[in-house]
Amino acid sequence: MSSDGESTVAVKLFIDKGKKRVLFAESDQDFVDVLFSFLTLPLGTIVRLLGKQSQVGCLDELYKSVENLSEDHFQTKPCKTMLLYPRNAAGVHLDRLEVKVDDIDQTWFFACSRHMGYFSSVPDVSCPFCTTMDKSIRELSEEDTVGEIFAKSRTKFIITDDLQVAPSSTSLMFSLMDKLGLQEQGNIEEVVLELDSSKIISLLGRAVLSKQPLTGLYFHVAITPDATNAFQLPENLLSEQADEAEPTFKPIKLKLIQTNDDITVLYAEVGHDFVDIFFGLLCIPLGSIIKTYGEWSPNGSIDNLYQSVNEDTCVKQERRSLLLSPKLPPYFACSSNVLQVEELPPRKVSRYNHEINPKEQVRGGTCRAYIKEGSMNFMVTNDLQIFHFSLANSLQAIRAAKIPKEKLVEKKLTLDRSQVLKLLRAAMLTRRALSSVLLPPN
């Protein structure tokens, strides 16, 4: 515990001070549980925790677009809340962490005191009979509140600088020392860090971007994405699983405003279907992204956490699916579940048996979209800033680009599922998402 009474988790770092690097770390399951919990976090939660400065592709711009878009474009007021503060399907387990990663208690629900049985996980949802939800309820099962969280208990773990996790052993330590080229054990200094929530969030920000998050945390290295990859995509964007056919997918039409030499994209005119899918990305857990695409990023250390969970030695069997294939809470999938992330069925909490769909304005509907259908078009920039379409916004984009009108063309495109998957992938890897996927390669 810190001096101001805030909970902390301890980790022992083994440091080469001469080269200013963390060689590896050792901890018990408390710190490892926190690391593994990163895989359950929705992308929107990561952006919010990092103050909309995650530097992960276009995610910061997507998040700010939800903030800035008028509530009139959403099915209901709670839809906007769902995207900005997405629930975590593993929230009951995260509530037991020694240090909380998310500052929102995921174990509370909202209910109506006058019409028993109706509740929601999202604030501002209306009771279908009296429009108010004036009661807070909480229920934790004994199974959720005892025993191990993710990591196996009574185990010491070694964590490398790039967040590979394994049970601690002398042979593993020697192997790491050989790999790091350490000839003299006297060059190693041991330091115990007590990490509070702010330091854990800093570590999260480094883990999604850096191959040396522990070194960066200890030596206060500035967090910067790899400049060589900031605007480039890897050749293989899709795993075999992601490229599987999805029979319910409906192609998406858009108009691309670009230069006639196929070099620059100004923006695209899109409909509600495009916006719904890309806003819905903010609710997808980190582990589900890795499951769909086979990796998080050529940069960052999150993939190593995922692979560590995949090993038999770190995580109890019944918890592995929570990390390797995290699900969405009820009603949090968007209209087209193009990423094929499983959504949990509606729950029961205490005596409350009817979980309300926050996207519905009337009881008994089956709405899945966040964005209203209609003729209103939206404007999407290359870095995925999304606005309602207007001539003023269009002219502003053209003026800012300083490109003569005669060099601009409009192209009508119809995107299949593979192209949408590539665009979603690009949203996490580059700040030129539209041009990286929709323009022909140079």
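Student: Is the crossing of H3 and H4 left-handed or right-handed?

Tutor: The crossing of H3 and H4 is left-handed. That word is used if the near helix is turned anticlockwise from the far one by less than a right angle; clockwise would be right-handed. Helices here are DSSP runs of H or I with at least four residues, strands are runs of E with at least two, and both are numbered from the N terminus. A word on the source: this is a predicted model, where local features need pLDDT of at least 70 and side-chain atom pairs pLDDT 80 or more, while totals for chains, interfaces and linings use all residues. Residues are numbered from 1 along each chain, and side-chain values use heavy atoms, without hydrogens and water.

Student: What makes H3 roughly antiparallel to H4?

Tutor: The two pack at an angle of about 160°, with axes 10 Å apart. Angles over 145 degrees count as roughly antiparallel, under 35 as roughly parallel, 65 to 115 as roughly perpendicular and the rest as oblique, so H3 is roughly antiparallel to H4. The axes are lines fitted to C-alpha atoms, for helices over the stretch in contact, and angles run from 0 to 180 degrees between N-to-C directions.

Student: Which residues make that contact?

Tutor: Tyr63, Val66 and Glu67 of H3 meet Lys80, Leu83 and Leu84 of H4. Contact means heavy atoms within 4.5 Å.

Student: Which residues of H3 are called buried?

Tutor: In H3 (residues 59-68) they are Leu59, Asp60, Leu62, Tyr63, Ser65 and Val66. Buried means under 20% relative accessible area, exposed over 50% and partly exposed in between, with a 1.4 Å probe and protein chains only. Their cover includes H2 (43-49), H4 (77-84) and H15 (417-429).

Student: Which residues touch the most other members of the largest nonpolar core?

Tutor: Phe36, Phe38 and Leu281, in a core of 118 residues. A nonpolar core is a set of buried Ala, Val, Leu, Ile, Met, Phe, Trp, Tyr and Cys residues joined through side-chain atoms within 4.5 Å. H15 gives the largest share of this core, seven residues. Apart from it lies another core, of eight residues, including Phe14 and Leu23.

Student: How do you know that S2 and S6 pair?

Tutor: Strands pair if DSSP finds at least two bridges between them. S2 (residues 21-27) and S6 (residues 157-160) have four, in the antiparallel sense. In one of these, serine 27 is partnered by phenylalanine 157.

Student: Why do S7 and S8 stand at the edges of their sheet?

Tutor: The open sheet runs S7-S6-S2-S1-S8. S7 (165-167) and S8 (189-195) each have a single partner strand, so one side of each is left without a neighbour in the sheet.
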